[in-house]
Amino acid sequence: MVRRFEDILERVAEHDPNSDQDLLRRAYVFSAREHRNQKRRSGEPYLVHPLEVAYILAELRLDTASVVAGLLHDVVEDTLTTIDNVADYFGRDVAAIVEGVTKISKLNFQSTEQAQAENLRKMILAMTHDVRVILVKLADRIHNMRTLEHLKPEKRERIARETLDIFAPIANRLGIGKVKTELEDLSFRYIDPLAYRSLESALAARRKVSEEFIEETRKRLEQTIAEQGIEAEISGRVKHLYSIYRKMRAQKIGVDEVYDYVAFRVLTGSVKDCYGVLGIVHSSWRPVPGRIKDYIAMPKPNLYQSLHTSVMSDRGQPFEVQIRTHEMHAIAEEGIAAHWQYKEGAGDSDREQDRVAWLRQILDWQQDLQDPREFLELVKVDLYPEEVYAFTPKGEVLCFPRGATPIDFAYRIHTEVGNHCTGAKVNGRIVPLKYELENGDIVEIMTQPARTPSRDWLALARTSKARSKIRAWINQSERESALALGREMIDKEFRKYKLSPRKLLEGENLAQAMEKLGFKNLEDFQSSVGYGKSSAHQLVSALVPDTQKLEERPDGRVKRAVKRALGMREKGVKVQGLDDALITLARCCNPVRGEDIVGYITRGKGVSVHAVHCPNVAQLMFDTDRRIGVEWGSDSDGSTTFDVSVAVDVEDQPGLLAKIVSAISDESTNIKNLEANAETTGSETRVLFVFSVNDRKHMERVFNRIRQINGVRDVVRVPAVGAHNA
């Protein structure tokens, strides 16, 4: 039967008398014009397909925009029409649906592995912000499956497989039972045609007996229920082929051993009547133990509700009875497409707020909606807001947390790919490593053998795998560098005393020395020296007791001279467990006496001291082994000062800079550097100061004096010029 446009108008008018029929007619004419001269594989005019899709959507009782999108769903992909043309003629609402369907049509469904199929299902749902996009795509797939016989056998099987793996489960998640059932049976027909024909033939042989049994049982059930004063609508059917086939495979039985292939459906007016009918059924036939399921009290994740029970007939023929209300049946058959039809009153909030299933998470019931168009405008499908699905160049789908970057993608492929990643091509375009992946992206990782991970990557990576691999590489790399430096420093120390490390660093002497110094082996001690946590002289002293007297040499003066040469001053900071460690205050945060501080062991430069609030601390301290406790020592003579870099945002007015300088000087503070007009925005100027303070309280007094000046908008600390993390 060829579907007419008038059939669509009639179906739409049945559930929406106020539908925009002029919009539907314009869409029909537009689709007919754009698809003119195009034919399907069957030889039919291509227009037959959009008409069928639109009719299926009208059967699902969707709004006018959805049906219009059904008429137009292929015009962007298969004609010269652009999405902007669709928007100009039919509005952004329709255009957004058509664009979503077009994007899904371009997805790669090559793999049929279970995990791949699940990721594709999730990706389709995650890509779709409007549930109507998926409903139009399902209608499109239904009609394509109905006409699949016109394609080549190998293509038929591939499309049937992806329908069974991808689209039937999506229909099930959306609760559209009749769509799911039809897609499964049509897929079964082409995936395993021999089994399909065999099962169809076996059931056809039983059909006469089955039909007699169904009619006899239906009448008895109808009479018994009516006698109890319950109004009910009763129907019987043979279960659909794929569900029987699936049961046969799961239980490893033949068709002759499938007994409960007959099912009855009882529709009532209330939940109370549902349970009443269940009692009637059990009093009329013997229930099968363990086969009673109450999906009314505990709905399925897709909102399906019904009572299921299996009973044994007087002939020894088991059959299933499903009992539900008319509202539950509409939702079971049409799922989300019918959900608004039964929304009553402004209440019903308790049940909705439970959000017991995935669908509850995507329906935004903010008000009582009587108009299906208004309902569909608010229903958004964002099932997986924290997940992103991207393709490899070979079509494999990988799942990542939202915010993931090419670095995460590279490490998912292989650790070596991640370690040598230089960038990525996304959808054929080169992007930087900080690019955030989006649903449907096709990602190709670019690598270079010389490229290695940097600590900056930790701020870009989102997956635990990528972060752990980056940390492992950095730790290993820095340990190797520290180990090499430590060996060199120990060798120099031995040469200073004209000692032979080969003789000393073996046998019991070494083991005793390591135990005395608290290390498991020589490598651990060497890396500790390279990090600056231990000194090479400690090993010499442990191995050769006679060198103890050499500790009286002016080693302290030498060390202080080295610190001065390197710009390293202790500033009254003490390191827990180390009396002679090199210490430097990190320029990225310029810690001041009185602030909470933390130490970080650097390679070859001793301990770098950061303020706890320093933004670099979280990045640096990922390696807990390199964190070390530090504290402020006493400053009895008050001679120690700390340089503080400060930005002052001021209004552009005469004399203001002089007031700020005067305020700083009044607090006995030495200004070491000043840069005015460094950054100017409109009437606001940023002035950069570097001045010295005694401690945190002194610094806060200066800040407060500056803030009290009329015309000063903000005072903030900034990193020193040329400052780096460590």
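In this predicted model, three strands make up an open sheet in the order β10-β9-β11, and their pairing is antiparallel. The edges are held by β10 (429-431) and β11 (443-447), each of which has a single partner strand, so one side of each is left without a neighbour in the sheet. From one strand to the next, the twist averages 35 degrees. Between strand β9 (residues 421-426) and β10 the antiparallel pairing extends over three bridges, and within this pair Ala424 has Val431 in β10 as its bridge partner. The sheet also carries a helix: α18 (residues 406-413) packs on it and touches β9, β10 and β11, with a direction that makes about 85 degrees with that of β11.

A further open sheet is built from four strands in the order β13-β15-β14-β16, and here the pairing is mixed. Its edge strands are β13 (583-585) and β16 (627-628), each of which pairs on one side only. With strand β15 (residues 607-611), β14 pairs in the antiparallel sense over five bridges, and Val598 stands opposite His610 of β15.

The loop between β13 and β14 contains Asn590, whose phi is near 45 degrees, a positive value in a residue other than glycine. Asn590 has a relative accessible area of 12% and is therefore classed as buried, the cut-off being under 20%. A second residue of this kind, Ser668, has a positive phi of about 55 degrees although it is not a glycine, and Ser668 is found in the loop between α28 (656-666) and β19 (670-681). Is Ser668 buried or exposed? With a relative accessibility of 66%, Ser668 counts as exposed, whereas Asn590 is buried.

The cysteines can be taken next. A search of the whole structure finds zero disulfides. Cys614 is accordingly in no disulfide, and the nearest cysteine sulfur, which belongs to Cys588, is 3.6 Å away; a disulfide would need the two sulfur atoms to be within 2.5 Å. Cys614 has a relative accessibility of 4% and so counts as buried.

An α-helix has 3.6 residues a turn, so residues three or four places apart point the same way.

Two packed helices are described by the angle between their axes and the distance between the axes. For helix α9 (residues 131-146) and helix α10 (residues 153-173), the packing angle is about 145 degrees and the axes lie 11 Å apart, and the crossing of α9 and α10 is left-handed. On the α9 side the contact is made by Ile134, Lys137, Leu138, Arg141 and Met145, which meet Ile159, Ala160, Glu162, Thr163, Phe167, Ile170 and Ala171 in α10. Sorted by class, this contact of α9 with α10 has eight nonpolar residues, one polar residue and three charged residues.

These elements belong to a chain with 29 helices and 21 strands. Of the 726 residues in the chain, 49% are buried. Among the contacts in the chain with a separation of 6 or more, residues 24 or more positions apart account for 66%.

Conventions: Residues numbered from 1 in each chain as written. Predicted model: local features only at pLDDT ≥ 70, side-chain atom pairs only at ≥ 80, totals over all residues. Heavy atoms only, no water. Axes fitted to C-alpha atoms, helices over the stretch in contact; angles between N-to-C directions. Helix = DSSP H or I, 4+ residues; strand = E, 2+ residues; numbered from the N terminus. Left-handed = near helix turned anticlockwise from the far one by under 90°. Contact = heavy atoms within 4.5 Å. Nonpolar A, V, L, I, M, F, W, Y, C, P; charged D, E, K, R; others polar. Pairing = 2+ DSSP bridges. Buried < 20%, exposed > 50% of the residue type's maximum accessible area, 1.4 Å probe, protein only.
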